[in-house]
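Please walk me through this protein, taking the spaces inside it, the metal site and one of the helices in turn.

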Amino acid sequence: MLHFDAVVADTHNDLLMAVAARPPKHWVQYFRDTWLPQLTEGGVNLQVLPVFIDDWYRPEGALRQTLRMIEAAHVIAAEVDEVRLCLNGDEISQALADGKIALVLAMESMPGLDASVELIPTLHRLGVRVASIAHWGRTPLADGSGEDATGSRLTAAGVESLEIMEDLGIVFDVSHLGASGVAHVLERARRPVMATHSSARALLDHHRNLTDDQLRGVAATGGVICVNFLPAFLTEHPRKVTVDNLVDHIAHIASVAGIEHVGLGPDFIREVLFDLTPPCCETNGTTGLDVDAVIPGLDGPRGLPLVTEALEKHGFSPDEIRLILGENVLRLFQAELGVRR
Ligand SMILES: [Zn+2]
């Protein structure tokens, strides 16, 4: 089956949040019992693991939690035979050749650094290879898309963060960044930038989605836009969502940005949120999103073969489907990860 022959890359799964919420001696077993079977059954070959810290941590608390989540990823990679933490393209290629799931560490905003961008090289030494500089709200580096009314571009420290990342070979992630910030990054970027989990604004007008100009701008850098599966970003009627809504976003991004610039950033957050805050309400407190709505069959990595099936039904060719499922992300990572300027 095409899905299991193809390289499947998921550029956004917050599972480290749930891992790090447990006592360290349970990290490995929890990953092995809860996530590894899902990743395997879903055919995932490359998994980006973002470190996300809720806004209510102050910087020093966020820094400690950042380090705990990074440590958790390293411990899992050391103890679980089926996965391998990868720092560059060669390591990813080797992991895939050996039949391992390649893990790539990412930062989803960096509240633990506050404005201390001189610590980005420290994160790089710890294995971080993809990073964004804001979440929903304002950071010392930039405004997230929830602050779009400000019209703010990057701060001086934010500009510096982009330069430091480009020097080190950390891919800059524009998902969550405010609209003016995205424009600012696209003006300044000298290397490819990516959107790890963003859908198309032309199909649903939500500030977390990217406009056609932004999609073209990311593609022009050589980057990839990885589509977010959260129904609240796909359709006006999240409770009636189907996999076809997702395919519409993929097809739109492919037509606007090019088939070589689209990937998958599912953001399977429901299980993580339910795990962390039982019994969970229907909306995420930070974002106000309806997190109870899911694409039928796609509430976790296990459902990923359904995406391939839907892409086939839509009429994408097998080669195009391989690009979407993971080859585009793989190409970007092989060229960029850990490659210094
Ligand atoms: Zn996110």
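Predicted model: local features only at pLDDT ≥ 70, side-chain atom pairs only at ≥ 80, totals over all residues.

About 70 Å³ of space lies in the second largest cavity. By class, the lining of the second largest cavity divides into five nonpolar, eight polar and three charged residues.

The largest cavity holds about 90 Å³. Its lining has 14 residues, with Leu 230, Asp 267, Phe 268, Val 294 and Leu 298 nearest the centre. Eleven of the lining residues of the largest cavity are nonpolar and three are charged, with no polar residue among them. In total, the structure has five cavities of 30 Å³ or more.

The open spaces come next. The largest pocket has a volume of about 600 Å³. Around the largest pocket are 35 lining residues, and those nearest its centre are Met 17, Phe 52, Asp 54, Leu 273 and Asn 284. The lining of the largest pocket consists of 18 nonpolar, eleven polar and six charged residues.

Six residues in the lining of the second largest pocket are nonpolar, four are polar and five are charged.

Now to the metal. Which residues are the protein donors of the zinc ion? They are Glu 108, through OE, and His 176 and His 197, each through NE2, at 2.0 to 2.2 Å from the zinc ion. Along the sequence these donor residues follow the spacing E-x67-H-x20-H. Glu 108 and His 197 link distant parts of the chain, being 89 residues apart. Glu 108 sits in strand β4 (residues 101–108), while His 197 is in the loop between β7 (193–194) and α9 (212–220).

The last stop is helix α10, which runs over residues 243–257. From its first C-alpha to its last, this helix of 15 residues reaches 21 Å, close to the 21 Å expected at 1.5 Å a residue. Most of α10 is covered, with eleven of its 15 residues buried. The buried residues include Leu 246, Val 247, Ile 250, Ile 253 and Val 256, and also His 249 and His 252. An α-helix has 3.6 residues a turn, so residues three or four places apart point the same way.

What covers the buried residues of α10? The covering elements include the helices α9, α12 (304–314) and α13 (318–336), together with the strands β8 (225–227) and β9 (262–264). After α10 comes Gly 258, which has a positive phi near 110 degrees.

How values were computed:
Residues numbered from 1 in each chain as written. Heavy atoms only, no water. Donors = N, O, S within 2.8 Å, 3.2 Å for Na, K, Ca; no water. Helix = DSSP H or I, 4+ residues; strand = E, 2+ residues; numbered from the N terminus. 1 Å grid on protein atoms, 1.4 Å probe; cavity = no way out; pocket = protein on both sides within 12 Å on 5 of 7 lines; lining within 4 Å. Points joined across faces, edges and corners; volume = space filled by probe spheres on them. Nonpolar A, V, L, I, M, F, W, Y, C, P; charged D, E, K, R; others polar. Expected span 1.5 Å × (residues − 1). Buried < 20%, exposed > 50% of the residue type's maximum accessible area, 1.4 Å probe, protein only. Contact = heavy atoms within 4.5 Å.
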